[in-house]
Amino acid sequence: MNAYGLLWGLLLALLSTAAQAQNDTPPQSGIWIPNPGADLWKAVRQRGQPEPSTTQVQGLDSNQLINVAGEKFRDWRRERFIRYAAYLLAGVPVVILLFHMLHGAMKLEPSGRKLLRFDLYDRVAHWLLATVFLFLAFTGLLLLFGRFVIVPWLGLDAFSPIASASKEGHNLFGPLFLVALLWVFLRFVARNLPAWRDIVWLLKGGGAFGGKHPSAGFFNGGEKLWFWSLAVFGLLLSLSGLLLDFPSYAPSRELLVLALVVHGAAAVILVAFSFGHIYMGTAGVEGTLEGMRDGTVDANWARQHHDQWYAEMVREGRLEALSEAQENRAETTTGQLEEGRT
Amino acid sequence: MTVAELVDGPLWTVALTVFVAGVAWRLLVLIATGWKRDLSHPRSGSLGGAIRGVVGRFLPSQGMAGRLRLHLVAGYLFHLGLFALLFFAAPHVDFYRDRLFGFDWTPLPHWAFILAAEAAFLGLLMLWLNRVLNPVTRLISESGDHAASVLTFLVMLTGCLALARSHETLRLLHFFVVELFMIYFPFSRLMHSFTFLLSRAAQGAHYGRRGVRV
Amino acid sequence: MARLKFYCDAERCIECNGCITACKNENDVPWGVNRRRVVTIKDGEQGERSLSVACMHCSDAPCAAVCPVDCFYTTEDGLVLHDKDICIGCGYCFYACPFGAPQFPQDGAFASRGKMDKCTFCAGGPEENGSSAEYKKYGRNRLAEGKLPLCAEMCATKALLAGDANVLADIYRERVIYRASSSLRRGVDLQKQNLGGNPGAGS
Ligand code: HEM
Ligand code: SF4
Ligand code: SF4
């Protein structure tokens, strides 16, 4: 039965007189029975031009009798969003696993010669964003799926504190995501400007399905796609999240519902994308994690995956075997190895 | 005795005792160790030097500022945020009144409390990430440093999770981690909250007497 | 079991707000929360009507559907009640409810608005009937005492009714019949005065 079921029934039954006199024009013959409130109920249900209404009670939308966005929100959340989000978030890891089993990791034969790839601030910014992202994803997904996964398993009394903790933690860490996102954006955007070869890279699927490794600069097409998705969806997430953090500043419930819809969708898309990113950074491609951990990568790794960048580094004479002491220079914040400073 | 009663009762007494006695004992030992007699001819007063040492070190010395930018920003975010949280968050003020001092003071409004928490989390995360990602600090960090960072983070995190103040379980979890923190405190790097005064003053006095300007 | 319902007759409501006062007083409702409110349509214009609204105790309640912790439950009488011990104060129910019935006692930054509060049909909550814990969280449990919600009991014009849906429907049907016959009489009067067929004259 439809949500409003009984309610509509009641309203309609009660107002049968109004319903009879839908058309305001009196009949030409017979007795015209004037209708006490012809347009009233249309207004109540917000059909056609809603009438301005008033109330003594102060509060968000308190002068509105029926909020039509509410039912759309329920429908979206219960009939669509939660289900498709579950499919997506369960499906992507399965696909990745299958890919890994068929394709295996991309191997690296270390040359022992290192290149500086990410300086200290690059790495701190990246891991700050990653930490906050993972925490927000974990707590957010608990709020989204907990009722269907954890409640049947642990019960309501156990889930309630978990959900409360998730909500408070999520609300508090949210703004930090925006801070970290802006930091990462500013530090990495110059290296992520799109180029023609990135499109070629994407069309060739990064060379994952055989063939020569397509050409790539500092970042390849896939990495740039991830960067820009993160920027766009991350901003949407942050803005909608901030509105949800301060619901008292929202002008209407419609906008809050819209924010929840956008927030949920963007979050699920980013989490699904992040699975791929995490796979490529760890198990998928040998030698990649080192770049974000220590700041240096093996020269062979660079030649394999980022040939243009590698060529540039060679041209500029940056390729050198980093000794223990030189490795410590990865702490410099300028992105370059500065000579004469240890 | 239930876990809840243990955490709320005896364990708190133990933690408070260990904390107070431990901190007092460590400070007394440090002070009682005394100073080596300085036979040099005093070039200027040691008291002024001590004060300069304590106050002046709040800013990095010239030349270091650029290299320490992250430390400076994150360090201040974390310490100021934590200080505001610890002493001026409404739930803490209530706690001090009910369980410790019997009186209270004006707490921060809720939004300022949250802002302080944001600053503290951001600062601590950046400091710890820097610790593990910077090859130099990674090399000189040992388990004690990481334990202190992680424990502090857990105290803050459980506190943040209990923000709704509606679930006893969450409050107890926070309280339990705080008790662990307090027991660990006197025997760890966390003592720097007190000893930084001693070391800065001692070094400042030494420099002052020798007429060294930092 | 009976299905308990509210019904507000817009032809009778005079916007006195007595139901709201009764509710606040009987249930010791938290500051800032209005479990019931009176909304006036076409205020000051011809055809003005008022309606008193609170939770309608929907048969398939949207609030319960969107709640992330599933803390609503429907009683045997068809009342939609809410468990404040489980609620985490996220506000989804407030966004989903067609009538804006769930409300928050506070209005803090970072969505810290306390636990949601809503009309209970004067039936308390999951605590033991009539206990002080129940009163503190949800207000009076009049239903357990065999009484109906105070808002309806207090309504001076009997516009607001509460009770078994079948009984309410009977009462209303009777009202409609009387009203129809009086309208009919008015129509006949109008025709007698030779005003029938002129839409501008009637209403
Ligand atoms: C600036 C960043 C963010 C802010 C301010 C923010 C804020 C919020 C708020 C206020 C809610 C409503 C929760 C409640 O009150 O119970 C929410 C829900 C949620 N958030 Fe975020 N969030 C942010 C980032 C993220 C990120 C990065 C993710 C995932 C990667 C995420 C995933 C979710 C999910 C899955 C939900 C539940 C949605 C639903 O139940 O429909 N959020 N967020
Ligand atoms: S709170 Fe709103 S959605 Fe829930 S039962 Fe009441 S009227 Fe229906
Ligand atoms: S505010 Fe409470 S009752 Fe409403 S949806 Fe959230 S948890 Fe459920």
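## The second largest pocket

The second largest pocket holds about 1,500 Å³ of space. The structure described here is a predicted model. A total of 47 residues line this pocket, and those nearest its centre are Glu223(A), Trp226(A), Gly276(A), His277(A) and Met280(A).

Eight helical stretches of chain A are named as giving two or more residues to the lining of the second largest pocket: α4 (68-103), α5 (120-149), α7 (156-188), α8 (196-203), α9 (221-245), α10 (253-284), α11 (288-293) and α12 (299-305). Of these, α10(A) supplies the largest share, with 9 residues. The lining of the second largest pocket comprises 30 nonpolar, 15 polar and 2 charged residues.

## Enclosed cavities

Empty space can be located by rolling a probe the size of a water molecule over the atoms. The count of cavities of 30 Å³ or more is 11. The largest cavity has a volume of about 720 Å³.

Which residues lie nearest the centre of the largest cavity? They are Gly140(A), His170(A), Leu244(A), His263(A) and Tyr92(C), out of 38 lining residues. The elements that each contribute two or more residues to this lining are α4, α5, α7, α9 and α10 of chain A, together with α3 (92-96) of chain C. By class, the lining of the largest cavity divides into 26 nonpolar, 8 polar and 4 charged residues.

## The contact between chains A and B

Chain A brings 29 residues to its contact with chain B, and chain B brings 27 residues. The area buried between the two chains is about 2,500 Å², and carbon and sulfur atoms give 70% of that area.

Between chain A and chain B the count is 1 salt bridge. Arg138(B) pairs with Asp294(A) in a salt bridge, with the closest N and O atoms 3.1 Å apart. The count of residue pairs in polar contact between chain A and chain B, with both residues at pLDDT 80 or more, is 4.

## The chain A side of the contact

On the side of chain A that touches chain B, the elements giving two or more residues are α5, α7 and α11 of chain A. The most comes from α7(A), with 12 residues. This side of chain A consists of 17 nonpolar, 5 polar and 7 charged residues.

## Elements with several roles

Helix α7 of chain A gives two or more residues to the lining of the second largest pocket, to the lining of the largest cavity and to the side of chain A that touches chain B.

Technical notes
Residues numbered from 1 in each chain as written. Chains lettered and ligands numbered in written order. Predicted model: local features only at pLDDT ≥ 70, side-chain atom pairs only at ≥ 80, totals over all residues. Heavy atoms only, no water. 1 Å grid on protein atoms, 1.4 Å probe; cavity = no way out; pocket = protein on both sides within 12 Å on 5 of 7 lines; lining within 4 Å. Points joined across faces, edges and corners; volume = space filled by probe spheres on them. Helix = DSSP H or I, 4+ residues; strand = E, 2+ residues; numbered from the N terminus. Nonpolar A, V, L, I, M, F, W, Y, C, P; charged D, E, K, R; others polar. Contact = heavy atoms within 4.5 Å. Buried area = accessible area lost by both parts, 1.4 Å probe. Salt bridge = Lys/Arg side-chain N within 4 Å of Asp/Glu carboxyl O. Polar contact = N/O pair within 3.5 Å; in protein donor to acceptor, adjacent residues only side chain to side chain.
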